Amino acid sequence: RMAFKSLRSASKKQISVFPTSEGDYDDASLRWAGAICAWFPFLFVLSFLPTELYLSNALNFEFRHDILYPYFGLTLISLVVLILASRSHLKLVQKSLDGLFFLGVFAVISFASIPIQWSELNGHDELREAFSWGVVQGLILLVLALCWVHIPSTLFRKPGAIFVAIVCASQLVSVVQVFGAPPEHEALPVSRAPASGSDTSRPNIYHIVFDAYSGRSFPEMADIVMPDEDLRDFTYFPRAMAHYPFTDLSVPSFLTGKTYKSGSLKAFQAEAKTGGLSELLRQVGYKTASYSPNRTRFWSHSNASQVYATSDEFHGQVGKIFMLVSAVRAAPEPLRQEVHATISGLLWGGENAYSHYKRLSVPLVDRFLEDEPLRADRGQYTYVHLILPHGPYVRSGDCSIEKETSYLDQAECATRLMLRIVKTLKAL
């Protein structure tokens with residue numbers, strides 16, 4: 001008991017030397033450490049989190065590492081501002097810097113322990129908030145707030161600065177990875193000539209995909225928009241079905257003629273882009289032209305001699321989606337839906353982030369048909385991938401844009417595009 005009292009007395013004496021007034025912040029090294037600690041939430045939210053998000057989804061963001069530049073810039077600006085603020089001897093300013101450090105700790109703990117419940121961004125995405133996780137975050141925040149109020153600066157600033165420096169060093173390693181070359185199967189398509197020059201003895205092949213179009217809907221839609229004479233010379237397979245219910249597997253499957261059984265799923269997907277039907281046709285003398293929503297997914301052939309992607313027309317859309325995902329991921333659990341609604345309202349006027357993406361299917365057809373008269377009439381393989389009638393449902397039966405339509409509306413629009421394509425090709 002005496003030993004315990006002695007230890008307790010020594011601890012009180014030690015604590016008494018911690019800074020409690022404005023004059024105690026005269027130590028320049030302590031102020032520098034305070035600035036570095038205060039930088040922690042900015043380093044994490046504006047640099048670490050976006051970088052990790054990008055590296056995990058570089059294919060979806062089309063390897064556009066330029067979307068990270070504003071975040072890196074804001075990270076550096078925040079450091080400069082905090083260094084200037086740390087020069088103040090006011091206890092209120094210094095204590096505020098300490099509060100930022102604990103806010104960064106809260107962000108890291110939340111990121112590591114609280115899962116986000118957000119489905120795929122495909123027009124039907126749903127963001128959920130769990131009350132229990134919100135309570136957990138509230139308790140974490142309360143504990144850290146008590147630590148901020150009661151733990152003196154000299155106890156954590158210098159160790160905290162060392163920790164932040166280590167995080168910064170690891171971040172630099174990640175930044176280097178951002179600028180590294182993507183894997184060959186994920187790289188942007190490059191122009192490649194046929195193996196032995198274009199074979200003008202072979203007829204053109206047109207491979208046109210209407211994503212999510214149900215074969216069972218076709219007879220009804222055809223009766224509405226397609227006269228019988230336009231369907232002559234075509235074979236309809238009413239029982240034909242895709243092997244998979246989602247694009248990232250069904251496209252590799254029908255482009256390679258295979259199904260995924262075991263091994264690397266990425267290798268299976270990559271074969272559609274670097275090999276498969278397009279490569280087989282290239283080897284026998286065909287030139288490939290690819291028209292798709294973007295240049296990086298498995299519907300865009302790496303061996304195409306001509307590539308057009310609608311994403312080229314809305315370069316800023318990728319950055320907007322990245323901003324939305326980064327903001328929602330960084331937000332506390334109880335505020336994620338509010339952050340999602342606010343950011344979406346600012347960037348898209350409250351619409352779904354995917355809606356604009358789908359609206360470009362009709363312009364894709366426009367570009368394909370505009371190029372067609374310039375295309376050779378032999379030795380060409382043309383692949384067109386349209387995100388119709390796949391949701392979200394924003395086109396009516398006549399293909400005009402409305403706030404909300406239905407699957408049948410977009411199926412009718414897709415069928416009208418079929419009719420337009422067939423008539424144009426027959427007329428050439």
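**Chat about a predicted model**

User: Which residues form the nonpolar patch on the surface?
Analyst: That patch is made by Phe131, Val135, Leu139, Leu142 and Leu146, and together they have about 540 Å² of accessible area. Bear in mind that this is a predicted model.

User: Where does leucine 142 lie?
Analyst: Leucine 142 is in helix α6, which covers residues 131–150.

User: OK, zooming out. How many helices and strands are there in the protein chain?
Analyst: The chain has 16 helices and six strands. It runs to 428 residues, and 45% of those are buried.

User: Switching to helices: at what angle do the axes of α2 and α3 cross?
Analyst: They cross at roughly 30 degrees and come within 4 Å, with α2 being residues 28–38. An angle under 35 degrees counts as roughly parallel, so α2 and α3 are roughly parallel to each other.

User: Which residues make the contact?
Analyst: Ile36, Cys37 and Ala38 on the α2 side, and Phe40, Pro41 and Phe42 on the α3 side.

User: Where is asparagine 57 found?
Analyst: In the loop between α3 (40–56) and α4 (69–86).

User: How far apart are asparagine 57 and phenylalanine 322?
Analyst: In sequence, 265 residues; in space, 9.9 Å from C-alpha to C-alpha. For the whole chain, 73% of contacts between residues at least 6 apart in sequence join residues at least 24 apart.

Key
Residues numbered from 1 in each chain as written. Predicted model: local features only at pLDDT ≥ 70, side-chain atom pairs only at ≥ 80, totals over all residues. Heavy atoms only, no water. Patch = residues over 30% accessible without salt bridge, like charges linked within 9 Å, V, L, I, M, F, W, Y side chains within 5 Å. Areas by Shrake-Rupley, 256 points an atom, 1.4 Å probe, with all protein chains shown as cover. Salt bridge = Lys/Arg side-chain N within 4 Å of Asp/Glu carboxyl O. Helix = DSSP H or I, 4+ residues; strand = E, 2+ residues; numbered from the N terminus. Buried < 20%, exposed > 50% of the residue type's maximum accessible area, 1.4 Å probe, protein only. Contact = heavy atoms within 4.5 Å. Axes fitted to C-alpha atoms, helices over the stretch in contact; angles between N-to-C directions. Parallel < 35°, antiparallel > 145°, perpendicular 65-115°, else oblique.
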